[in-house]
Amino acid sequence: MTSPTVEEFLPGSAPTADLAAWSEVYGDGRREQGGASPSAAVLAERLASREEPGVLRWAARPAPGAPIAGAAELRPRPAADPRPRLLRLFVAPSRRRRGLGRALLRRVMRDAAAAGLDRLQAVVLAGPPGEPFALSVPGARTLLRLDLQEQPVTDPSVLRLCRDLAERPPMGYRLAFWRGSAPEDTAASFARVMNHVLDAPGAELQLAPRSWDVPALRAWEADLTEDGSALLVSTAVHRASGEVVAATAATVPPFGPTAEQHDTAVLPEHRRRNLARWIKAEQTLRLHTLFPHIRTAASTVTADNRAMASVNRAVGYRPGTDRLLVEALLTPEG
């Protein structure tokens, strides 16, 4: 039986067929896990057109010279982020359970250890084949259980729920909504609210430490929209102070039917006033109106975050795919 082969993958010098195959495996894998991903053609064009220092990629083939059927990527995190690198590793469904993923992971871990990394993290689908595959690595452990919830934004019953909430704004607050960068007069208070995303259970395992000022906020906005996605933000503004006290943010890809719901936060002194429900309902209505190609919004919630799960239920989110954040230690031998 022919053994799989694994090689470093360099998009800028890869043959067209290899670039297309790698992009298809990677994009399909991201979508299967519940994340938005551009089409294979768009991803291939993006990979070939820009340098990305510090990004490591690998490709796996079921046999020498065969088409690429496995893809892996490690991206560096910002210098201020103490978390390990996040590994994304995918195998084409028709090539699974044949040793391809195992060979790919073994090469990734060896190269990562040689590069001086001591740990890797990855998000995998709960249950077979992803969970047992990931946890078979010696020393691997589960850090968090994640629920990828989905909101069908074109469902009439969901829109009714959101309209009912939108028509009953909490007393003493007004809505501020924008696309793209925050207006200058709200940016500082918006940044302060977004620092409180880390108050959620398990957030410190998924997000870098935050102490955002306006420049840090601008960097975050630029990062979310770098791939051409539109950034939508709905906030509650305290009428007495004129400052943002609650906010929710989502990105809308230029192609594809799924928007990604990112962070939602409320300042501690303004909690338990239905602000999160209100702004998420308003966000849904605007998403539906402004982007008719979007059919679904996806939001990842940790299993322990009961407060946000309750908010999501109130605006029509439904339980979706269970995922795990897992971590593995690396040895010098990989």
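Biologist: Which ring does Arg-286 lie over?
Modeller: Arg-286 lies over the face of Phe-177, at 5.2 Å from the ring centre. The criterion is NZ of Lys or CZ of Arg within 6 Å of the ring centre and within 35 degrees of the ring normal.

Biologist: What are the ground rules here?
Modeller: The model is predicted: local features need pLDDT of at least 70, side-chain atom pairs count only at pLDDT 80 or more, and totals for chains, interfaces and linings use all residues. Residues are numbered from 1 along each chain as its sequence is written, and side-chain values use heavy atoms, leaving out hydrogens and water.

Biologist: Switching to ring pairs. How many aromatic pairs does the structure hold?
Modeller: There are 6 aromatic pairs. Rings of Phe, Tyr and Trp (its six-membered ring) pair if their centres lie within 6.5 Å; planes under 30 degrees apart are stacked, over 60 edge-to-face, the rest tilted.

Biologist: Why is the pair of Trp-22 and Tyr-26 stacked?
Modeller: Their ring planes are at 10 degrees, with centres 5.0 Å apart, so the pair counts as stacked.

Biologist: Where do Trp-22 and Tyr-26 lie?
Modeller: Both are in helix α1 (residues 16–32), 4 residues apart, about one turn of the helix. Helices are DSSP runs of H or I, at least four residues; strands are E, at least two; numbering goes from the N terminus.

Biologist: And Tyr-26 with Phe-90, what angle?
Modeller: Their planes are at 75 degrees and the centres 5.6 Å apart, so that pair is edge-to-face. It links distant parts of the chain: Tyr-26 in helix α1, Phe-90 in strand β4 (residues 85–91), 64 residues apart.

Biologist: Is Phe-90 buried or exposed?
Modeller: Buried, at 6% relative accessibility. Buried means under 20% relative accessible area, exposed over 50%, partly exposed in between (1.4 Å probe, protein chains only). Tyr-26 is buried at 5%.
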